[in-house]
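Hi,

Here is the structure I promised to pass on. Have a look at it first, and my notes follow below.

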Amino acid sequence: MSVTFQVADDNKSATIKLNDRFDFSLHSDFRNAYKDVTLLNGEYLVDLSGTDYLDSSALGMLLLLKEHADAQLSSVRLVGFNDEVREILNIASFDKLFQMG
Amino acid sequence: MSDLLGHCRTILVVDDEQTNRLLLRNLLERDGYNVIEVENGEQAIDAVNTLHIDLVLLDILMPVMDGYTAAAIIKQQVKHFIPIIFLTAKTDEASLAKCIEAGGDDFLLKPFNYQLLTSKLRSMLRIVSLYQNIEEKNKSIHQHNLQMMQEMNVTKKIFEKVSKNDMRGPHTGLKYSMSPKSMFNGDVIMAEKNQTSGLDVLIGDFTGHGLSAAIGAIPVADVFHTMTRKCFLFTDVLAEANDKLIDLLPTQMFMASVMLSVDRSNNILSVVNAGLPDVYLYRDNEIIRTFKSRNIPLGISKMSSSQFEVEMQPLQYGDCLYVSTDGVMEAKNRQGEMFGLDRLLTMFSENIPAEELFESILSRCAEFSDGAEQTDDITLLELCHQSHVSYPQSVEFSNEVREASNWSLQFNLDIKSLRQFDALPYIMQAVNNLQPLESGRTRLHTILTEMFANALDHGLLKLDSSMKNSPQGYMAFYQEKQRRLEQTDDGSINISLEHTLQDDGLGGRLTLTVMDSGEGYDYRALDLGNDNAYSGRGLKLVSSLCSEMKILGKGNVITALYDWQADQT
């Protein structure tokens with residue numbers, strides 16, 4: 001499974017970890033990971049340390065997660081990305097939409 | 001025995017000996033099969049070509065045509081799968097192998113073992129069912145495909161109607177390449193003449209593929225063309241397109257885009273890069289500036305027109321701009337390797353003259369991928385700033401002939417309105433609706449724009465236009481203008497337009513008056529013949545475009561007379 005998901009004991013944060021390519025093939029895995037999770041005033045961490053590529057549909061999936069988080073007054077933080085992935089996130093100005101690092 | 005759909009299976013028995021045929025018919029009919037008998041290979045071929053046969057039991061040695069020959073012909077002629085089971089008395093390996101080589105699917109030894117016969121038939125017919133199932137699915141996929149192609153064609157036609165102006169050509173300086181399927185990969189390019197006779201160009205790359213991406217392009221094209229023609233600023237156009245996309249698109253979809261706007265009056269380029277790869281400005285065979293993405297792609301979060309990060313750059317004739325979607329960098333060769341940024345940048349450093357660069361990049365990219373299938377689309381655009389431009393006649397405003405009439409309009413804008421609202425497009429629209437001046441439209445717009453800019457920049461905000469004499473100063477001028485606009489507490493501009501018919505009814509005179517609440521200046525000292533005179537450039541242009549221009553009051557009122565004749569159109 002290339003998407004793993006873990007909710008912290010205090011129910012304040014949840015970590016989604018991705019491996020390899022983050023692209024359209026992970027669409028349902030990614031969505032299923034968080035769709036039943038509710039964190040009030042919490043933080044979703046997306047761990048991209050295992051990701052070496054993400055495409056525009058991955059950016060779209062991150063926007064969906066943000067929408068999910070926004071509805072719960074929670075935030076989304078992207079962590080662990082390498083330089084190439086950071087470049088892709090920068091081009092899309094995602095640093096203006098997400099917490100980074 | 002019947003198939004999945006409950007149809008009775010039909011078995012063709014081919015044997016020259018009647019006793020064998022009779023025996024098989026008895027066995028098979030007992031199991032519920034339909035049986036058709038023929039006596040030789042030739043009759044067998046006729047039967048499979050004219051009747052619905054599910055399986056063939058084929059003897060080998062027969063007069064007229066033997067089983068081997070018949071099997072080979074049947075397998076060649078019949079497109080769907082009909083299993084052939086050879087009936088043979090020969091048990092040597094060579095003969096059995098020959099059965100399979102001739103196209104047989106199995107063999108059955110004489111004399112027949114009933115158990116073996118029925119189980120072989122069942123197993124073969126199961127395979128037939130599988131084949132038929134796949135065929136059905138293929139057919140329905142094919143149908144779906146056809147339907148989708150039709151839908152795409154319809155969408156494409158709608159899209160072509162929305163973006164009717166193709167501005168490409170040697171006289172416009174615009175070149176771009178998109179492969180035929182690119183529209184359905186979500187790449188769009190639209191271009192329109194702006195109020196300075198330069199081009200505004202919007203390049204977009206939607207997330208996702210197929211129809212959904214194309215659908216998003218339609219409202220954007222509509223907004224872009226309509227608003228640009230109505231002389232709205234490109235940032236207003238972006239803000240509106242962004243709003244539309246937020247309303248229309250699902251959360252995960254957005255449009256990475258670049259807006260280019262060339263101001264030909266001042267030779268200034270403005271670039272808004274929202275999520276596309278770097279935009280390059282090429283001068284004297286090298287990149288002199290790179291415009292990186294500094295904005296969130298369109299369709300994600302609400303933006304007002306002033307929130308877009310706009311980068312400005314003075315242009316020289318011969319400068320060329322290059323914009324690509326990620327398709328260029330991600331073009332793959334047969335080994336799966338990407339063309340990449342480095343290969344692209346190398347091309348910019350090879351001293352290739354600007355006239356050849358566009359074609360060179362495309363051909364280098366094609367050479368590289370060498371026929372490998374492209375995953376994304378290769379969209380590349382070049383916009384060159386040339387000393388002379390002419391645009392194809394566009395079907396901008398309706399040619400509806402309106403009867404000339406007498407009318408007047410007045411606008412009073414206080415400092416708050418001036419801060420948050422660009423009134424000119426609305427005024428121009430009103431004028432166009434009252435009195436469409438086909439050929440005078442651009443001219444009139446320039447007159448009004450310059451008069452308004454003069455009142456705002458110099459009358460109200462007291463900016464020094466000599467700042468604009470150097471390229472760096474031009475940008476500083478705009479920043480300072482923005483700052484003063486925010487900080488000024490009061491002031492107003494009054495614009496009035498009055499149209500009166502000529503006595504013969506074949507023409508008219510439009511009187512434009514712009515008055516600002518500033519303290520004015522000593523206009524008598526102004527020398528309109530000197531290009532560098534204080535606020536001279538704009539007003540000089542106005543006076544050259546209209547019949548008469550007067551500076552009145554304490555220098556805070558300007559009146560221009562614009563005369564038109566019916567034969568202008």
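A disulfide (a pair of cysteine sulfur atoms within 2.5 Å) joins Cys320(B) to Cys384(B), with an S to S distance of 2.0 Å. This is a predicted model, in which local features need pLDDT of at least 70 and side-chain atom pairs count only at pLDDT 80 or more, while totals for chains, interfaces and linings use all residues. Residues are numbered from 1 along each chain as its sequence is written, chains are lettered from A and ligands numbered from 1 in the order in which they are written, and side-chain values use heavy atoms, leaving out hydrogens and water.

The search of the whole structure found one disulfide over all chains. The link of Cys320(B) and Cys384(B) is right-handed, with 105 degrees about the S-S bond. Cys320(B) sits in strand E14 (residues 320-324) of chain B and Cys384(B) in strand E15 (residues 380-384) of chain B, so the pair ties together parts 64 residues apart in sequence; strands are DSSP runs of at least two residues, numbered from the N terminus. Cys320(B) is buried at 2% relative accessible area, and Cys384(B) is buried at 17%. Buried means under 20%, exposed over 50% and partly exposed in between, with a 1.4 Å probe and protein chains only. Cys365(B) is buried at 2%, whereas Cys8(B) is partly exposed at 40%.

There is also some packing to look at. Leu512(B) is in contact (heavy atoms within 4.5 Å) with residues including Leu444(B), Ile447(B), Met451(B) and Tyr562(B), leaving aside neighbours within four places in sequence.

Best wishes

Technical notes
Helix = DSSP H or I, 4+ residues; strand = E, 2+ residues; numbered from the N terminus.
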